[in-house]
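Visitor: I'm new to looking at protein structures. Could you walk me through how to read one?

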Amino acid sequence: MLSQIFDAFKPRLHDSNSKVNQVALETMHRMVPLLRDNLSPVINILIPAIVDNNLNSKNPAIYAAATNVIQALCQHLDNSLLLQPFCTKAQFLNGKAKQDLTEKLA
């Protein structure tokens with residue numbers, strides 16, 4: 001059930017309309033504390049959707065919203081759930097996104 005919801009929600013996390021993208025990231029930020037470790041089945045699809053484009057966005061609101069979601073994930077989920085997806089993404093990122101994710105890993 002949760003995977004079906006996030007399969008539909010995921011495209012909004014990197015929507016070409018910046019307002020839709022920003023609202024989706026802000027909504028995700030509010031959902032993380034409520035769902036906590038129940039996000040584990042969908043974390044491997046969420047991390048790329050949150051990180052790709054958003055952490056390197058030139059739009060400061062989108063960058064801030066993505067950073068807030070990453071911070072919420074680190075605060076509310078078991079770090080062992082985040083280690084592999086963060087490592088995988090950090091290998092293939094560049095610029096500010098790579099730096100941000102590397103700092104979270106450290």
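Guide: Let's go from the whole chain down to single residues, keeping in mind that this is a predicted model.

Visitor: Which elements make up the protein chain, helices or strands, and how many are there?

Guide: Begin by listing the elements. Here you'll find 6 helices and 0 strands. Reading from the N terminus, the order is α-α-α-α-α-α.

Visitor: What does the radius of gyration say about the protein chain?

Guide: You hold it against what a compact globule would give. For 106 residues that would be near 13 Å, and the protein chain has 12 Å, so the two agree.

Visitor: How much of the chain counts as buried?

Guide: A residue is called buried when its relative accessible area is under 20%. In this chain, 34% of the 106 residues count as buried.

Visitor: Which residues of the largest nonpolar core touch the most other members?

Guide: Look for buried nonpolar residues joined through their side chains. This core has 30 residues, and those touching the most other members are Leu 13, Leu 25, Met 28, Leu 39, Leu 46, Ile 50 and Leu 73. Two or more residues each come from α1 (2-9), α2 (18-35), α3, α4, α5 (79-92) and α6 (95-105). The largest share, 7 residues, is from α4.

Visitor: Which residues of α2 are buried, and what covers them?

Guide: The buried ones are Asn 21, Ala 24, Leu 25, Met 28 and Val 32. Their cover includes α1, α3 and α4. Take Leu 25: leaving out residues up to four places away in sequence, it touches Leu 13, Ile 50, Asn 54, Ile 62, Ala 65, Ala 66 and Val 69.

Visitor: Which residues have a positive phi without being glycine?

Guide: Among the residues to look at is Arg 36, not a glycine, with a positive phi of about 45 degrees. Arg 36 follows α2 and lies in the loop between α2 and α3. It counts as partly exposed because its relative accessibility is 40%. Another is Asn 53, with phi near 70 degrees, in the loop between α3 and α4. Asn 53 has 61% relative accessibility, so it counts as exposed.

Visitor: Where does Asn 56 lie, and which residues does it touch?

Guide: Asn 56 sits in the loop between α3 (43-51) and α4 (60-76). Asn 56 and Lys 96 are 40 residues apart in sequence, yet their C-alpha atoms are 6.0 Å apart. Not counting residues up to four places away, Asn 56 touches Asn 94, Gly 95, Lys 96 and Ala 97. Its side chain reaches the backbone oxygen of Asn 94 at 3.1 Å and the backbone nitrogen of Lys 96 at 3.4 Å.

Methods: Residues numbered from 1 in each chain as written. Predicted model: local features only at pLDDT ≥ 70, side-chain atom pairs only at ≥ 80, totals over all residues. Heavy atoms only, no water. Helix = DSSP H or I, 4+ residues; strand = E, 2+ residues; numbered from the N terminus. Contact = heavy atoms within 4.5 Å. Polar contact = N/O pair within 3.5 Å; in protein donor to acceptor, adjacent residues only side chain to side chain. Core = buried A, V, L, I, M, F, W, Y, C linked by side-chain atoms within 4.5 Å. Buried < 20%, exposed > 50% of the residue type's maximum accessible area, 1.4 Å probe, protein only. Rg over C-alpha atoms; globule rule 2.2 N^0.38 Å.
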